[in-house]
Amino acid sequence: MNDKQPLQQAYSAHSFRETGHALVELLATHLERSAGQSYDRANPYTEPEPTLSFWEEDWKTAQLAGQSNDPMGLFQSVLDQSVHLHDPRYMGHQVSPPLPLAALSGLMSDMLNNGMAVYEMGAAASAIEQVVITEIGRQAGYDDDCGGVLTSGGSLGNLTALLAARRHSATSDVWMEGNTRPMALMVSEEAHYCVDRAVRLMGWGENGIIKVPVNERHEMDTTQLEPLYNQAILKGIEVVAVVGSACTTAMGAFDNLEAIADFCHNKQLWFHVDGAHGAALLFSKLHRTPLKGIERADSIVLDFHKMLLIPTITTAVLFRHKRHSFSVFAQQASYLWENDGDKEWYNLGKRTFECTKLMLSLKVYSVMRTYGLSLWEQYVNQVMANTQLFTHMLEEAPDFELARRPKVNIVCFRYKGSGVSGVGDMNAMQAFIRKKLLHHSPFYIVQTQVQGVLWLRVTLTNSQTNQAVFEALLETIHTWGESWLQDKEVTQGDL
Ligand SMILES: *Cc1c(COP(=O)(O)O)cnc(C)c1O
C-alpha cells in the first residue's frame with residue numbers, strides 16, 4: 001500500500017473493489033464449507049484469556065508492520081474464531097443464519113451510512129421502513145391504522161412499547177412529572193429479563209413488576225391475573241399493562257394471548273406482546289395457532305434476527321394504532337400528536353430511542369421484495385418440521401427426557417441415562433455434557449435453568465439441520481452422559 005497517502009488510499013475505489021471481491025470470495029467459501037459441515041466444529045470455541053492474548057499480539061505485530069497490513073489476514077482470523085451459524089450443527093442461541101442477500105444489504109447500509117434520524121438524511125430507507133412496518137402489521141392481523149418503527153433489538157423494542165403503554169394507560173403524565181405514584185405491569189415469571197429491566201428503567205422499582213406464575217406447560221397461569229391485580233390495587237399500585245410472552249426465551253412457551261387480551265379489555269390495560277422470537281410464526285399458516293389473539297394487542301415486538309433470517313439486530317415495534325408510536329418520545333403532551341402525527345411519519349428519530357440508526361429496513365425489504373413472504377413461510381415450516389422430528393426422536397429414546405412438546409423451534413431436554421436420581425446429580429450431569437459439547441464436539445448447543453432444573457437446549461434455527469445431525473448429537477450426548485455416570489460410580493466406590 002502507498003504509505004505516503006494513507007487517507008486517500010483508504011478511500012480508494014480500486015482497493016475497495018479488490019478487498020470487497022476477496023471478502024465476498026472468503027465468505028462464499030465459508031458458506032459452502034459451513035453448509036457442507038467441513039469445519040471441525042460449528043463453534044470453534046476458545047477460552048477468553050488465550051483469545052485476548054491472540055488479539056493483543058496481533059495488535060503489536062500490526063503496529064510493527066505499519067501500513068502494510070493485509071485486511072484479509074484479519075478477516076480470516078475473525079472467521080476462524082467465530083461461530084458458524086450456517087453450519088447445520090449450529091443449534092445454539094436463537095440468532096438465525098442470515099440470508100446472504102440480507103448481509104449484502106447490511107454492507108450497503110454501512111457504506112451509504114444514511115443516519116435516518118431525519119427524513120432528509122435517508123429518504124429511501126425511511127419510506128421503505130414504513131412499507132415494511134405496514135406489511136408486518138397486516139400479517140399480525142392489524143388494520144390500516146397500524147404503525148410502528150424498526151429499532152435495534154427486542155430489548156429496546158420492548159422498552160419502547162412499554163413507554164407507549166405508560167403514556168397511554170397511566171393516569172398521570174410520568175414523562176412530564178416523573179413518577180408520582182407506584183405503577184406496575186404484569187408478566188409471566190419466565191419472561192425475558194429485558195421486561196424486568198424496562199420496568200426498572202421506567203423507575204418503577206422491584207414492585208413495578210408483578211410476576212405471574214406459570215402452569216406446568218411454562219405458560220402464564222392466567223387465572224392468577226385477577227387476584228394478583230386485586231392485590232396490587234389494594235397496595236395502592238396502579239397496574240398499567242400486561243405483557244404476554246410469545247414465546248418465552250428459555251422454554252419457548254406461548255402465553256394464552258386471548259385470555260390476556262380479555263383481561264386487559266376488562267380492566268382497560270395496555271396489552272403488549274413480546275413476540276421477539278415467536279411472532280415469526282405469523283408467516284406460517286400451519287404453525288401460527290399459538291399466536292391466536294395477537295391481533296388484539298396494543299403493541300407487538302418482533303425480532304427479524306431470530307426466526308426471520310435477517311442479520312442482527314433488526315426489530316419491529318408494531319402498534320395497533322399508529323398514533324401511539326408518535327407519543328412515546330414526544331416532549332409535548334400526546335394529544336398534540338394525535339392530530340398531526342401522521343404528517344410526520346417520515347422523521348423517524350422522533351419515534352425511536354436511537355437518534356442515528358442503521359438502514360435496518362433495507363435488510364428486511366430486500367428479502368421480502370426478492371423472495372416474497374413465502375420464503376419465511378417455507379423457512380418456518382422447515383424448522384418446525386425439524387423440531388417435530390427431533391422431538392419425536394427424544395420421545396422414542398428411553399435415556400432422554402423432553403421438557404415439553406415445543407410449539408416453536410426451541411427444544412429443552414436432558415439426558416437421564418439409567419441410574420441417576422436427584423436434581424443435583426441430574427443438573428451436574430447436564431452441565432458436564434454441555435461443557436464437553438462446547439469444547440470437544442462439532443455441535444453447538446446451550447443450556448438453560450428453569451425452576452432449578454438444568455436443561456440442554458437447542459434452537460433449530462438452521463433449516464439445514466437434519467436427522468443425521470440429530471442422531472450424531474444424541475449419540476455424542478449419550479457417550480458423555482455415560483462417561484459421567486461411570487466416573488461417579490468410581491468416585492463413590494472409592495469412598
Ligand atoms: C431474544 C428475546 C428478547 C431480546 O431481544 P434482543 O433482540 O436480543 O434484544 C426479548 N424477548 C424475548 C422473548 C426474546 O426471545
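Visitor: What should I keep in mind about a predicted model?

Guide: In this predicted model, local features need pLDDT of at least 70 and side-chain atom pairs count only at pLDDT 80 or more, while totals for chains, interfaces and linings use all residues. Residues are numbered from 1 along each chain as its sequence is written, and side-chain values use heavy atoms, with hydrogens and water left out.

Visitor: Let us start with the ligand. Which residues are the closest to the ligand?

Guide: A residue is near a molecule if one of its heavy atoms lies within 4 Å of it. Here 16 residues surround the ligand, and Gly 154, Ser 155, Asp 274, Asp 303 and Lys 306 are the closest.

Visitor: How does the shell around the ligand divide into nonpolar, polar and charged residues?

Guide: Ala, Val, Leu, Ile, Met, Phe, Trp, Tyr, Cys and Pro count as nonpolar, Asp, Glu, Lys and Arg as charged, and the others, Gly among them, as polar. On that scheme the shell has four nonpolar, nine polar and three charged residues.

Visitor: Which element gives the largest share of the shell?

Guide: Helices (H or I, at least four residues) and strands (E, at least two) are DSSP runs, numbered from the N terminus. Helix 7 gives the largest share, three residues.

Visitor: Now to Gln 94. Is Gln 94 buried or exposed?

Guide: Buried means under 20% relative accessible area, exposed over 50%, and partly exposed in between (1.4 Å probe, protein chains only). Gln 94 counts as buried because its relative accessibility is 9%. Gln 94 sits in the loop between helix 4 (71-80) and helix 5 (100-112), and its side chain makes a polar contact of 3.1 Å with that of His 277.

Visitor: Where is Asn 409 found, and what does its side chain join?

Guide: Asn 409 lies in the loop between strand 8 (400-402) and strand 9 (410-415). With 0% relative accessibility, Asn 409 is buried. A polar contact of 2.8 Å joins its side chain to that of His 277. Contact in general means heavy atoms within 4.5 Å; beyond neighbours within four places in sequence, Asn 409 has contacts including Met 307, Val 383 and Thr 461.

Visitor: Which residues touch the most other members of the largest nonpolar core?

Guide: A nonpolar core is a set of buried Ala, Val, Leu, Ile, Met, Phe, Trp, Tyr and Cys residues joined through side-chain atoms within 4.5 Å. The largest one has 62 residues, and Met 186, Val 242, Phe 304 and Trp 376 touch the most other members. Helix 16 (residues 374-396) supplies the largest share of this core, six residues. A second, separate core has 34 residues, among them Val 187 and Trp 270.

How values were computed
Polar contact = N/O pair within 3.5 Å; in protein donor to acceptor, adjacent residues only side chain to side chain.
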